[in-house]
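These are notes for a colleague opening this structure for the first time. Please keep the sequence and the 3D view at hand while going through the points.

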Amino acid sequence: MAKLTGFLSNLSPEIRQYLMITGNYWAFTFTDGALRMLVVLHFHGLGYSPLQIAMLFLFYEIFGVVTNLVGGWLGARLGLNKTMNIGLFMQIVALSMLLVPAAMLTVAWVMAAQALSGIAKDLNKMSAKSSIKLLVPKDAQGELYKWVAMLTGSKNALKGAGFFLGGALLTVFGFQQALLGMAMGLLLVWVFSLLSLRRDLGKAKNKPKFTEIFSKSSAVNTLSAARMFLFGARDVWFVVALPVYLSSSFGWGHWYVGGFLALWVIGYGIVQALAPRLTGTKQTGKGQAKVPDGRSALAWAAILSIVPAGIALAISYDFHAANILIWGLMLFGALFAINSSLHSYLIVSYADADGVSLDVGFYYMANAMGRLIGTVLSGWVYQAYGMAACLWISAAFIGLAALISIKLPRHSVAGT
């Protein structure tokens, strides 16, 4: 701890805060990914149906919607350091709730723990994404894009590692021992975060009223609507349907399912971090970076919509279904990562710098709404109609996201 503190003290204040925020976000995401895989595989092993497993995450997503909306307002009033640390502490409590004896792990209790985890996750994410806006100069949009992409991409790589960790820990140590280890590790991170983050980070100069939680920016509203369908399209087949399909149809065990999904999300995170290069960020003649705009979001969403439709056709007609599902999932992950990274940059760019967490919180409220819709549909549609139906819905949702993106500004709209 002393060596780490000494290293950080030699860096510029902005870089120091960025590293601490990123490390905080990494640690949280690692446990969040592991917890997701632990719950899915543990309760699938107990004989729960796909729809029942999806319902375990219902409150996680519902409270994510509420948290992003209210959390943005809290961040602007209290400071992003406080909302980030509150999120960390709540995740520790959520993990601890699942340490009760097996007889007490009722559906209602697990849903309550997941609700707390959902609040924690979105407080932490909103705080981390909003903070970056405040650490980059207003005229450095190219740098902003790179920092946001690096934060988002590295976070998802760690989430993938968390998936693998969850499957591995469940196999080696069991459900409760895995949870105990994660809670203890996160407790150390929380203490370090309390001591390190700037106290005034993200506080608005003028305290916003609660009635200001809804964004007044047309660009933010349009991007939020597109984001809702984009993430609904991912989770409608990824959250419940895919792990259960791999386990039941392919006969994969916990190690294989957790490992495969971990590698997928790690690759997804790497592509996210590289998105500024892949989307063609360039220097203009005036020495400024040319960054993506609404036209880019439209084009990449349109390309992405083709992939789940192609996989659905292969499964429907049993045309090399297993191979096309695996390789199609890889392609979907790469294209989705670019779409996600573009969106993450655009919202930070569009957001008003004073009280940035208000706009970012509203946007991630729409993200959580999409995840909620996708999670519920993932269990219900898969149980009733199968994997192909989930993929057709995914393609339709991405198509809607592309149509909505037509209304996005054709140039970057930096916050004032």
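Helices here are DSSP runs of H or I with at least four residues, and they are numbered from the N terminus. With that naming, H320 falls in the loop between α12 and α13. The model is a predicted one.

1. Overall make-up. The chain contains 15 helices and two strands. It has 416 residues, and 59% of them are buried. Taking the contacts between residues at least 6 apart in sequence, 86% join residues at least 24 apart.

2. Two residues of the loop between α12 and α13 deserve a look: D318 and H320. D318 is not a glycine, yet its phi is positive, at about 50°. H320 also has a positive phi without being a glycine, with a value near 45°. Are these residues buried or exposed? D318 has a relative accessible area of 63%, so D318 is exposed. H320 reaches 52%, and the cut-off for exposed is over 50%; H320 therefore counts as exposed.

3. Helix α13 itself. This helix covers residues 321-350, which is 30 residues. From its first C-alpha to its last, α13 reaches 41 Å, close to the 44 Å expected at 1.5 Å a residue. The helix is mostly covered, with 23 of its 30 residues buried.

4. α12 against α13. Helix α12 takes in residues 294-316. The axes of α12 and α13 cross at roughly 160° and come within 9 Å. Angles over 145 degrees count as roughly antiparallel, and the two helices are therefore roughly antiparallel to each other. The crossing of α12 past α13 is left-handed. By class, the residues in this contact are 22 nonpolar and five polar, with no charged ones.

5. α9 against α13. Helix α9, residues 218-238, packs with α13 at an angle of about 160°, and the axes are 11 Å apart. This pair is therefore roughly antiparallel as well, and α9 passes α13 in a left-handed crossing. On the α9 side the contact includes L223, A226, R227, L230 and W237. The contact of α9 with α13 has 15 nonpolar, four polar and two charged residues.

6. H343 belongs to helix α13. What is the relative accessible area of H343? The value is 3%, so H343 is buried. Setting aside neighbours within four places in sequence, H343 is in contact with L223, A226, R227, L230, A297 and Y363.

7. α9 against α15. Helix α15 runs over residues 387-405, and α9 packs with α15 at about 165°, with axes 8 Å apart. That angle makes α9 roughly antiparallel to α15. The crossing here is left-handed. Residues of α9 in this contact include T222, A225, F229, G232 and V236, while α15 contributes M387, C390, L391, F397 and I404, among others. Sorted by class, the contact of α9 with α15 has 16 nonpolar, four polar and no charged residues.

8. Helix α15 itself. How many residues does α15 have, and what span should they give? At 1.5 Å a residue its 19 residues should span 27 Å, and the end C-alpha atoms are 27 Å apart, which agrees. Buried residues in α15 include M387, C390, L391, F397 and I398.

9. L56, in another helix. L56 lies in helix α3, which spans residues 50-56. Its relative accessible area is 0%, so L56 is buried. Not counting residues up to four places away in sequence, L56 touches V39, F43, V107, V110, M111 and Q114. The C-alpha atoms of L56 and T375 are separated by 9.9 Å, although the two residues are 319 residues apart along the chain.

Terms used: Residues numbered from 1 in each chain as written. Predicted model: local features only at pLDDT ≥ 70, side-chain atom pairs only at ≥ 80, totals over all residues. Heavy atoms only, no water. Expected span 1.5 Å × (residues − 1). Buried < 20%, exposed > 50% of the residue type's maximum accessible area, 1.4 Å probe, protein only. Axes fitted to C-alpha atoms, helices over the stretch in contact; angles between N-to-C directions. Parallel < 35°, antiparallel > 145°, perpendicular 65-115°, else oblique. Left-handed = near helix turned anticlockwise from the far one by under 90°. Contact = heavy atoms within 4.5 Å. Nonpolar A, V, L, I, M, F, W, Y, C, P; charged D, E, K, R; others polar.
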